[in-house]
Amino acid sequence: MTHTAKGPVHGPVKLADRSMTSRRQFLQTSAAFGAAGMAGLGVTRARAQSRVEISFASAAFFGKESFGDLCDTFNESQDRIFVRFIELPPPSSSTEVFQGLVQQLARADGTPDVFSQDVIWIAGFAEAGWALPLGEYFPDTKDYFSGTVAACTYNNQLTALPWFMDSGMLYYRRDILEKMGAEVPTTWDQMATLAAAAQGAGDAEFGYLWQGKQAEVLVCDAVEIITSNNGAILAADGKSALVNQPEAVAAIQFLYDTIATTKISPQNVLSWDEEPSRMPFTAGRGTFMRNWSYVYPIAQDPAASDVVDKVGVAPLPAFDGGKSAACLGGYQLGINANSKYREAAVEFLTWLSSAEVQQRIALNFGLAPTRANLFDDATIKAEQPFMASLQSVFTGATARPITPKYSEVSLALQSGISKAFVSGNVQAEMDALATEINRIVA
Amino acid sequence: MLRGTLWPWLLLLPAFVALGSVALYPIVNGIYLSFTNTSLISRTDDFTGFDNYARLMGDALFWKAWGHTMWFTAVSTLLETLIGLAMALVLVEAFPGRGIVRAAMLIPWAMPTVVTSKMFGWLFDGQFGVINYVLLQLGLIDQNVNWYGSPDTAMWTIIIADVWKTTPFMALLLLTGLQTIPASLTEAARMDGAKAWATFWHVRLPLLLPTLLIAGMLRALDAFRVFDLVYVLTGGGPGDSTETLSTLSYKVLFATLQFGYGSTISTAMFITEGLIALVFVIFMVSQLRRLS
């Protein structure tokens, strides 16, 4: 029973199993390991002492590598700055990531120096004075998609730097459209007509699959359809609600009609977020679907999909006279306003958002770049052809309402729009919602 | 003499410190926060008197959530008590394999609620759910029901899941209560010619009443805090029809970081739970007086 003599101990050691000799061995070994550990630490310290040490906090994304590996590359690439990575929970636990960041930023002690943030937190962090305005360091943002720059701007100041993105998009069944001899629809009415025709011909049980659950994704679906009718949720100054204006009401009415009148969507969409809406589509039971980019690899996986090579992706439709809009998602970079090492932070930020690193993130994590010209990059085209095809979708990327009280506005939107779908009384519910949002943002 | 009074207090001190730091302090601090406009995002932290309570009185969503929570508590506690009592009455009798059945009965209760929630999510799924399939085959419905996507059925789906999960707990408590009733009493009743129903109604039930009330109170206070089932299954929707006080206060506290107003909602929960407990206690005391 002398695990100790063999080397490092993994897991708990049963004290009762150990004789006196092996206990002494254990003590010796652990002392040796302790010393080695101290020495190791000493080395890092010594190296870090001659350099500026900054910290980088981010939700944990995984692919062929992790964000910690990115920090290692940066640390090895130069000898002036040492970045310590603070790993937050994965993006699926978005509320926990948010709490973790807020707790650290609210301490105002300069940690973390650099952080990544979901697009919807940017205004709140800026209003709280936690995010350093970045305009003077990054005056030129024309290489990024304009939607991402808009989402990174609060009160006419750039307070975040675009990093990687995703957005809503229209998935369609290529085989069904071909059979009908139809083009990919560019207006909502065309989409509804085609969807109903495919249902009538028995090609697919459902016409249009979307997400109506009282959850954050409902806000995304709403932003897309309202914007594509030249409407908006908030006025440009963020101080008043526009959800009860005719453009927004007509857009929400269209979504309600897909369930109640045109019946191209099942009533189930009201309890669906992303995955429940994805499953019937990849099972071959729907003609059109609104979803994020993660669906495509699943649709192309023969083990999980009945529609391999039958699926196409296009920008979401718009109303007559409107422009296609895609709700912007993804994580963007920020610098802590209380950071003691601004120049080092700016240097690291510049590196993280550079074309070279964005390309590496695209290839190794499958996260789409925010730099438009990377979509013409030969390596990305060869290794991530689907991602490269999304340039036209991402051009229409639209930010969710930009307000420091976004989370309150979002909860109000989820509740109000869900009530409109349940009662069918769209105008009345949107009026009540506008009153509630005005109370929040006033 | 001083030593005589001081010593017991000294011995009690660790318990006081422990309780004070983990129970009393959070409650007092929560009540204090409920009188402030503390918010991490707007970085305000001022005492605002009864402003939050005035807002609470006019907050339609709060009252809706309050109503849903009370409804959920009343219906689920009642169903769990009745079904639990029936299970206890069966399990108190001797029959072959009783030990295994008693152990198996506890499985739903031993499962983490999040697992139960996911499981019922699939059972009641509007498209692929087994419940819809069975009901369709039996001809009880003519098309798939969208159980937790429709405001008419969403709360019932959650109640059914809770009843499935927590009835074993009630059955276990009531079984212990039944076992304390001396067999001689039921035997005497049988000798006097009482039928099963009369024995239950006039002998067992009155003696079981204190246990029934305590179990009911424990269950009601627990049901009042329902969170996981709602959070996983519906997120409070559709159209706020399943929003409960726990999910609402979680959203206000941790999604919007309004610690002031969120604490006001929590304090309102605290007061309501106190009132529920009070009603049970008053009823219990009156019953015990009547018995003695």
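Helices here are DSSP runs of H or I with at least four residues, and strands are E runs of at least two.

**Figure 1. Chain A at a glance.** This is a predicted model. Counted that way, chain A has 19 helices and 14 strands. Of its 442 residues, 49% are buried. If you take the contacts in chain A between residues at least 6 apart in sequence, 70% of them join residues at least 24 apart.

**Figure 2. A four-stranded open sheet in chain A.** Read across the sheet and the strand order is β8-β9-β7-β10 (chain A), with mixed pairing. β8 (206-209) and β10 (311-314) of chain A sit at the edges, each pairing on one side only. From one strand to the next, the twist averages 15°. Zoom in on β7 (residues 169-173) and β9 (residues 286-291) of chain A, and you'll find an antiparallel pair held over four bridges. One bridge to look for puts A:Leu170 with A:Arg290 in β9(A).

**Figure 3. Helices packed on that sheet.** Helix α8 (residues 188-200) of chain A packs on the sheet, where it touches β8 and β9 of chain A. The direction of α8 makes about 140° with that of β8(A). Then there's helix α11 (residues 274-282) of chain A, which lies across β7, β8 and β9 of chain A. Against β9(A), helix α11 runs at about 155°.

**Figure 4. Strand β11 of chain A and its pairings.** Strand β11 (residues 326-329) of chain A runs antiparallel to β6 (residues 164-167) of chain A, and two bridges join them. Here A:Ser167 stands opposite A:Leu328 in β11(A). β11(A) also pairs with β14 (residues 397-398) of chain A, this time in the parallel sense and over two bridges. For that pairing, look for A:Ala326 and its bridge partner in β14(A), A:Ala397.

**Figure 5. Helices α12 and α13 of chain B.** α12(B) and α13 (residues 259-291) of chain B pack with their axes 8 Å apart, at an angle of about 165°. Angles over 145 degrees count as roughly antiparallel, so that's what α12(B) and α13(B) are to each other. The crossing is left-handed. On the α12(B) side, the residues include B:Leu248 and B:Val252, and they meet a set in α13(B) that includes B:Phe259, B:Ile265 and B:Met269. By class, this contact has eight nonpolar, three polar and no charged residues.

**Figure 6. Where chain B meets chain A.** Here 23 residues of chain B are in contact with 25 residues of chain A. Helix α12 (residues 245-255) of chain B gives the most to the chain B side, with three residues.

How values were computed
Residues numbered from 1 in each chain as written. Chains lettered and ligands numbered in written order. Predicted model: local features only at pLDDT ≥ 70, side-chain atom pairs only at ≥ 80, totals over all residues. Contact = placed C-beta atoms within 7 Å. Buried ≥ 20, exposed ≤ 12 C-beta atoms within 10 Å, placed from the backbone. Axes fitted to C-alpha atoms, helices over the stretch in contact; angles between N-to-C directions. Parallel < 35°, antiparallel > 145°, perpendicular 65-115°, else oblique. Left-handed = near helix turned anticlockwise from the far one by under 90°. Nonpolar A, V, L, I, M, F, W, Y, C, P; charged D, E, K, R; others polar. Pairing = 2+ DSSP bridges.
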